[in-house]
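User: I would like to know what lies behind the terms used for this model. Please take me through them.

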Amino acid sequence: MKIAVTVFPGSNCDRDTLHILKNILKVDADLVWHKEPDLDRYDAAILPGGFSYGDYLRGGVIAAFSPVMKQVKDMARSGKPVLGICNGFQILVEAGLLPGALMTNISLKFVCRWTKLKIESRKTAFTNLCETGSILNMPIAHHQGRFFVGEEELKKLIDSEQVIFSYVDDAGVKTKEANPNGSLQNIAGVCNEEGNVVGLMPHPERSSEPELSPYLSGDGLLIFRSMLNQLKRA
Amino acid sequence: MVALNRYMVNVVIENKPLIRDPEGETILRDLMIKNGATYVKKVRTAKLLELEVEAENEEHAKKITDAMCNDLRIFNPVVSLCKITVTSGNK
């Protein structure tokens, strides 16, 4: 089992992600430069956070045209797990692998804080070990994370269980105060129709070790462990 | 072979009318209204790309720019509109 962590010019969470995979979960994983033309030897791909190409034009759009994205699209089509974290989520949206748009935060500010994330569905390659309705602590750090889709698309996403993560308060309620960026219906992460491609703005790699969490939890690890569980089952 | 001319083409990327524009709202509320420009009733911000495009004529310049904006996702069609204007030709 081998995992690819893609690296674009301006990625900055690639090594954190690699650390969790290699040192905590003891999985074989590589950093893969964006010019890589072949990902056949990998079983899953993770697009990490950062500011690829300086977020020029729009977060993720230039990276979406990188050579490696053709390979990522092939992996997604063949059912392999693909995860986009923060800028990685933006890239997957711009590449057309996930629906919607990630717009500038409603506050116009870069927001860096811990959030509470409700698991809306465990049907995906990255949430199958989570309990539906459970709440995970994860931090966010972004300027363009306001998720938006049109009315019809939103209905489709809800009906087909493609909304995977929502920002909630301590009681698990989707309040305005718990919404850090103005995302439509507090949406923090979505998946494709098949559930093998998932994107989220919060950072599971920054919340996979209790030492890094003010809650002394390693909640983010569940996301990566779910991916390994999916690969073992496959 | 058709001789190509060079055209100035403006590409304006803006949020669709129903999509909130917090930057425009802030400029209106905190700069204009607070400083007495109460006659301004609405502000919408946008991103401008000024291109120099080689094309056969104005119509062709607009057509290939439009195709390029769609192919390269110069705007996200979920939330944005893209307005293309050929401003001048330089033969």
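**Terms and values**

User: What makes the radius of gyration of chain A agree with a compact globule?
Analyst: With 234 residues, a compact globule would have a radius near 17 Å, and chain A has 16 Å, so the two agree. The radius is taken over C-alpha atoms, and the globule rule is 2.2 Å times the number of residues to the power 0.38. This is a predicted model: local features need pLDDT of at least 70, side-chain atom pairs count only at pLDDT 80 or more, and totals for chains, interfaces and linings use all residues. Residues are numbered from 1 along each chain as its sequence is written, while chains are lettered from A and ligands numbered from 1 in the order written.

User: How many residues of chain A are buried, as a percentage?
Analyst: Buried residues make up 56% of the 234. Buried means that 20 or more other C-beta atoms, placed from the backbone, lie within 10 Å of the residue's own.

User: Which strands are the edges of the open sheet in chain A?
Analyst: The sheet has nine strands, in the order E2-E1-E3-E4-E11-E10-E9-E6-E7, with mixed pairing. Strands E2 (28–33) and E7 (135–142) are the edges, because each pairs on one side only, and pairing takes at least two DSSP bridges. Strands are DSSP runs (E, at least two residues), numbered from the N terminus.

User: How do you know that E9 and E10 of chain A pair?
Analyst: Three bridges join E9 (residues 163–168) to E10 (residues 187–191), and the two run antiparallel. At least two are needed, so they pair. Val163(A) stands opposite Val190(A) in E10(A).

Terms used
Buried ≥ 20, exposed ≤ 12 C-beta atoms within 10 Å, placed from the backbone. Helix = DSSP H or I, 4+ residues; strand = E, 2+ residues; numbered from the N terminus.
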